[in-house]
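Have the sequence and the structure ready.

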There are 2 protein chains.
Amino acid sequence: MTKKEFADRQRRTADMFARAHIVITPEERGRIEIADLGLGDYEHTGLGILVYVNTDRVCAKELTLFAGQTCPEHRHPAVAGKPGKEETFRCRWGSVYLYVPGAPAARPLGKPPAGRERTYTVWHEVVLKPGDQYTLAPDTLHWFQGGPEGAVVSEFSTRSTDEADVFTDPDIRRAPEVT
Amino acid sequence: MTKKEFADRQRRTADMFARAHIVITPEERGRIEIADLGLGDYEHTGLGILVYVNTDRVCAKELTLFAGQTCPEHRHPAVAGKPGKEETFRCRWGSVYLYVPGAPAARPLGKPPAGRERTYTVWHEVVLKPGDQYTLAPDTLHWFQGGPEGAVVSEFSTRSTDEADVFTDPDIRRAPEVT
């Protein structure tokens with residue numbers, strides 16, 4: 001993504017935090033991460049991330065998703081004999097459609113990004129509205145998408161090691177590239 | 001505390017969450033914990049707690065403190081060979097005065113509850129306003145007090161095991177007693 005795109009996307013994420021009444025510092029504003037996951041289609045595949053803390057033991061973040069924007073299907077496997085990342089998502093603003101293994105939704109509210117449908121394999125639907133949360137056991141396949149207004153979601157987890165994540169879509173690259 | 005006191009204190013904590021624009025569910029509203037720490041002086045020693053999640057690995061909570069209300073000095077020691085609880089406090093609303101080991105404040109903003117001064121031994125002052133946060137290593141003595149408006153504070157940590165906490169004040173009892 002270009003520097004201008006990056007700055008614009010950071011601004012949109014900061015605006016969503018403001019709408020959700022989540023106060024962040026100017027320093028935090030400047031290190032909002034824009035993850036486009038290497039597909040170059042941020043409006044459909046990607047998310048905004050602000051990491052509050054990530055120690056050896058604990059991680060806490062805020063995430064933003066635009067309406068219909070998707071964090072693609074992935075899991076957090078065990079690494080070097082340690083159990084994979086455990087995550088709790090708590091919706092703070094808007095709504096989010098979360099998909100996990102289990103009985104598939106007959107009429108899912110979310111829709112994978114066009115052309116990528118085959119890389120979405122779990123279809124048990126959990127709808128999170130403000131105050132709702134869901135805890136994922138390590139190594140559980142999951143993907144999630146912003147609802148009609150988008151979403152601001154808090155994530156409470158064990159240490160984040162993004163480079164260990166396994167995405168179903170082989171075209172995905174976790175590290176962002178700003179050009 | 002009486003049932004009426006308990007209900008009134010839960011209501012005040014819920015009101016503070018609402019003021020901080022933190023959305024909680026009716027189920028969560030009903031399980032807000034009122035910790036008076038056995039001293040029977042909740043206006044000065046105590047805090048409101050809503051535990052979002054507490055697994056073997058991760059815990060996330062919201063805490064409330066009234067103006068001048070104090071969570072008394074304590075630490076989280078190692079238990080059964082496992083390192084003690086690690087905590088990050090993030091101020092969401094109001095302000096909080098946090099005290100940890102280190103160079104003592106010349107003119108501290110916080111003040112221990114009357115009659116309990118001798119059970120407050122660490123005086124390095126950290127003032128947290130909305131968006132500010134501080135991470136405590138395990139087994140670090142600490143206490144904190146609500147500023148002039150009180151405070152709403154998010155806590156991100158490893159598993160909470162309150163019964164393992166070591167308080168400096170020998171009169172403190174962690175489990176609340178509602179009569």
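**Exercise 1: a bridge between chains**

R90(B) and E28(A) form a salt bridge, their closest N and O atoms being 2.7 Å apart. A salt bridge here is a side-chain nitrogen of Lys or Arg within 4 Å of a carboxyl oxygen of Asp or Glu. Before going on, note that this is a predicted model, in which local features need pLDDT of at least 70 and side-chain atom pairs count only at pLDDT 80 or more, while totals for chains, interfaces and linings use all residues. Residues are numbered from 1 along each chain as its sequence is written, chains are lettered from A in the order in which they are written, and side-chain values use heavy atoms, with hydrogens and water left out.

Task: find which elements hold E28(A) and R90(B).

Solution. Start from the salt bridge of E28(A) and R90(B). E28(A) lies in helix α2 (residues 26–30) of chain A and R90(B) in strand β5 of chain B, so the pair joins two chains. Helices (H or I, at least four residues) and strands (E, at least two) are DSSP runs, numbered from the N terminus.

**Exercise 2: the interface**

Task: describe the contact between chain B and chain A by its residues and its buried area.

Solution. First, count residues: 30 of chain B are in contact (heavy atoms within 4.5 Å) with 30 of chain A. Second, take the area: about 2,300 Å² is buried between the two chains, with carbon and sulfur atoms giving 52%. Buried area is the accessible area (1.4 Å probe) that two parts lose on being put together, summed over both.

**Exercise 3: the symmetry**

Task: work out how chain B is related to chain A.

Solution. Superpose by least squares on the C-alpha atoms of residues with pLDDT of at least 70 in both copies.
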